[in-house]
There are 2 protein chains.
Amino acid sequence: MKNLLVAQSGGPSSVINSSLAGLVIDALKSEKVDKVYGAFHGVEGIFKENFLLFNDVPMDEIRYMKTTPSSALGSCRYKLKDYDVNKDEYDKIMEVFKKYDIGLFFYIGGNDSMDTVNKLSKLVVEKGLDVTVVGIPKTIDNDLNVIDHTPGFGSCAKYINWSIAEMYRDAICYDKKQITLVEVMGRNAGWLAASACVATEYSGAPDLIYLPEINFDMDKFKSDIDKVFAKSKKCFIVISEGIHYADGKYVGESEAQAHDGFGHAKLGGTATLLKAKLEEIHPDAKIQAIELSILQRSAQHCASLIDTEEAFDLGRKGLQYALDGKTGMMSCLIRKSSLPYEIEYTCVPVSEVANFEKVVPPEYINAEENGITRAGFEYFLPLIQGQVEVNKLDGMPRHTKIKPGYNPKA
Amino acid sequence: MKNLLVAQSGGPSSVINSSLAGLVIDALKSEKVDKVYGAFHGVEGIFKENFLLFNDVPMDEIRYMKTTPSSALGSCRYKLKDYDVNKDEYDKIMEVFKKYDIGLFFYIGGNDSMDTVNKLSKLVVEKGLDVTVVGIPKTIDNDLNVIDHTPGFGSCAKYINWSIAEMYRDAICYDKKQITLVEVMGRNAGWLAASACVATEYSGAPDLIYLPEINFDMDKFKSDIDKVFAKSKKCFIVISEGIHYADGKYVGESEAQAHDGFGHAKLGGTATLLKAKLEEIHPDAKIQAIELSILQRSAQHCASLIDTEEAFDLGRKGLQYALDGKTGMMSCLIRKSSLPYEIEYTCVPVSEVANFEKVVPPEYINAEENGITRAGFEYFLPLIQGQVEVNKLDGMPRHTKIKPGYNPKA
């Protein structure tokens with residue numbers, strides 16, 4: 001019998017708790033696992049020994065995690081430095097592992113978390129500890145290497161696509177020239193913006209999609225809009241927050257400086273700044289900038305069923321890999337086919353995943369560099385499928401009571 | 001047999017098409033109605049004789065309207081002036097009524113639309129035309145007089161409440177001081193912001209709610225936040241877009257001027273401007289401003305079932321009232337009880353509704369003027385109930401093909 005410790009890290013998603021639920025439910029059932037600890041706020045909770053003992057938690061609250069957005073255990077933005085640089089932190093973690101007799105450690109997160117998994121899995125071997133360290137992938141950004149797509153991405157993409165289909169109906173209801181700018185997350189990888197090609201197929205919008213993978217060119221942007229207006233009164237545009245000029249400057253940043261030198265323009269996001277620019281060029285048009293902000297990563301009510309179930313299963317499989325002694329690995333999924341959609345679970349060395357950002361490949365980007373190809377569409381479509389049944393109380397979502405600081409005995 | 005003409009006006013909602021569907025489906029079935037016309041873009045479509053003949057439209061597309069957000073016929077922002085001022089417009093409408101042999105006219109909309117209904121219902125009598133004119137209420141703002149609540153409000157309120165419950169989970173996931181500002185629609189009436197008291201009850205947020213009904217005081221606002229921080233690291237705030245100082249200046253406007261004299265601050269909304277202000281006072285806090293923008297009035301995927309069915313029924317009842325010869329009336333609902341929720345349909349003279357904005361009553365606002373009373377909570381709770389089954393195609397919403405310019409014979 002081993003004790004287990006799990007923590008969550010990085011930006012939350014609609015399904016990071018699904019993975020936690022899958023892992024914890026199976027761990028509590030397993031005859032090979034004794035105590036199941038969760039650390040509040042990622043590695044910070046390990047340093048502080050700030051733990052939740054899941055064995056004490058009512059099973060309903062654990063099950064409700066499956067449909068509760070964000071990180072039930074809380075998260076952190078903390079990347080462990082190298083062992084040589086910050087020996088104390090690693091020693092503290094090893095000490096905590098010993099003190100709580102941890103034999104299984106799981107970290108649910110993105111790139112940085114997989115780096116942590118990688119470092120810790122090597123260190124426990126060096127230190128002669130018997131701890132199996134496994135990573136469970138998570139990120140709405142879909143920028144992890146090796147894995148076909150990351151849990152959290154499909155739900156975020158579904159919300160974006162549904163919201164665009166709905167907002168497009170709003171955009172066309174007045175008989176006037178109109179530009180709608182929707183800004184979605186994605187600093188370096190434009191997966192979420194690219195996924196909006198599904199809405200184009202089924203609703204007619206967006207007309208144009210701009211990704212950080214392509215250097216932004218303001219003149220081309222204006223000319224792209226003119227081409228849309230040549231055919232229609234409405235121009236619907238999706239941009240990644242991370243679009244940037246050829247010199248690397250973010251469009252948001254550069255525009256801010258173009259307006260004034262006092263940083264006031266930081267008040268708005270990239271879409272808001274582009275709106276101001278377009279208002280000068282198209283004074284006759286109604287221009288709207290909509291930032292999907294944290295709504296897109298929190299909107300569990302619009303989660304993809306595929307995504308939720310895969311996240312759950314990646315948690316369960318992660319436990320299985322760990323119990324099989326596969327340390328330094330990440331629970332992973334590989335796509336066998338898009339039509340029909342078919343995947344296979346496996347595990348891969350976390351070293352192949354850590355510290356690498358997967359971006360949208362050229363074959364998914366159209367020749368005009370303002371839209372997505374059929375190959376891209378076929379990649380995205382399966383990931384947004386299915387509706388999740390949300391637990392409700394009096395018509396409101398009944399989320400789990402588990403949150404940072406939750407004490408089941410209180 | 002009479003011919004029927006219907007148009008939609010004002011800002012769209014998730015359920016304005018539900019009312020249209022209810023009216024049109026029953027009209028097509030009725031033995032008393034012959035042709036069923038829809039005018040594209042409100043009265044503008046009447047001036048231009050830009051009509052859709054619903055008799056030619058496949059019944060599935062009419063049924064799909066029930067779960068399609070925004071105005072399927074398109075909308076306009078056009079308020080008819082008085083007859084003395086703009087005789088030509090009225091004469092044109094009368095001419096169109098005659099030309100198409102219209103005996104029943106319906107206008108779906110808010111305050112201004114009810115004013116149009118009022119004016120037209122009087123004029124047809126003066127002109128000796130046999131046209132029954134009936135209004136169908138609609139507005140997410142919930143600011144119509146007499147009616148207990150307006151179709152569109154409940155769905156918008158549900159989206160706001162669910163999104164807050166979800167974003168709150170996001171807001172609490174990091175172990176740091178944090179302020180979340182959510183801006184919702186409501187220029188003069190704070191009903192939507194007030195409805196967020198439901199999320200407070202079920203999710204723990206928002207902590208503070210600010211309405212246009214109460215003059216905004218920046219010092220009190222800061223002190224309210226300090227009181228929340230005295231008990232918690234997280235402060236979650238909902239504001240109406242229309243909050244204003246005692247002198248009537250909108251908080252957004254005034255803040256813009258406080259920052260610079262060049263109107264740059266118009267880049268952001270009120271929440272964004274308050275964020276900038278709070279960043280000066282709480283440099284140690286993470287501060288997020290989220291504007292729910294047109295998402296809140298488009299999010300049919302999160303529509304309230306109660307709202308959708310009531311909107312549908314108000315359309316159906318409207319037809320019935322008109323066929324009973326009740327001209328100059330608005331299809332209306334009255335609440336008999338909140339627990340259990342019970343309503344009654346009726347019709348009221350549109351003159352009692354037109355040109356009056358109903359605001360949140362004092363008994364719904366707490367003594368501290370930063371939250372909502374139990375009486376308010378009990379008013380709001382029934383309106384957000386139930387989940388609507390959305391028509392889907394390949395995992396995306398299947399909206400009606402009816403939109404401005406739609407030609408069923410093309």
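Modeller: Chain A carries 47 positive and 57 negative side chains, with the centres of the two sets 4 Å apart; Lys and Arg count as positive and Asp and Glu as negative, while His and the chain ends are not counted, and each charge is placed at NZ of Lys, CZ of Arg, CG of Asp or CD of Glu. This is a predicted model, in which local features need pLDDT of at least 70 and side-chain atom pairs count only at pLDDT 80 or more, whereas totals for chains, interfaces and linings use all residues. Residues are numbered from 1 along each chain as its sequence is written, chains are lettered from A and ligands numbered from 1 in the order in which they are written, and side-chain values use heavy atoms, with hydrogens and water left out.

Biologist: How much of chain A is made up of buried residues?
Modeller: A residue is called buried under 20% relative accessible area, exposed over 50% and partly exposed in between, using a 1.4 Å probe and protein chains only. Among the 410 residues of chain A, the buried share is 64%.

Biologist: Where do B:W191 and B:Y364 lie along chain B?
Modeller: Rings of Phe, Tyr and Trp (its six-membered ring) pair if their centres lie within 6.5 Å, with planes under 30 degrees apart counted as stacked, over 60 as edge-to-face and the rest as tilted; the count over all chains comes to 40 aromatic pairs. B:W191 and B:Y364 form an edge-to-face pair, 6.3 Å centre to centre with 80 degrees between the planes. This pair links distant parts of the chain, 173 residues apart, with B:W191 in helix α7 (residues 191-195) and B:Y364 in the loop between β11 (342-349) and α14 (374-380) of chain B.

Biologist: Is B:W191 buried or exposed?
Modeller: The cut-off for a buried residue is under 20% relative accessible area. Because its relative accessibility is 2%, B:W191 counts as buried.

Biologist: Which residues does B:Q385 touch?
Modeller: B:Q385 lies in the loop between α14 and β12 (392-393) of chain B, and its C-alpha is 13 Å from that of B:H301, 84 residues away in sequence. Taking contact as heavy atoms within 4.5 Å, and not counting residues up to four places away in sequence, B:Q385 touches A:D394, A:G395, B:S304, B:L305 and B:I306.

Biologist: What is the omega of the cis peptide bond that joins B:L339 and B:P340?
Modeller: Most peptide bonds are trans. B:P340 is found in the loop between β10 (329-337) and β11 of chain B. The bond from B:L339 to B:P340 is cis, with an omega of about 0 degrees.

Biologist: What phi does A:D101 have?
Modeller: Most residues other than glycine have a negative phi. A:D101 sits in the loop between α4 (87-99) and β4 (102-109) of chain A, and is exposed, with a relative accessible area of 53%. Although A:D101 is not a glycine, its phi is positive, at about 55 degrees.

Conventions
Helix = DSSP H or I, 4+ residues; strand = E, 2+ residues; numbered from the N terminus.
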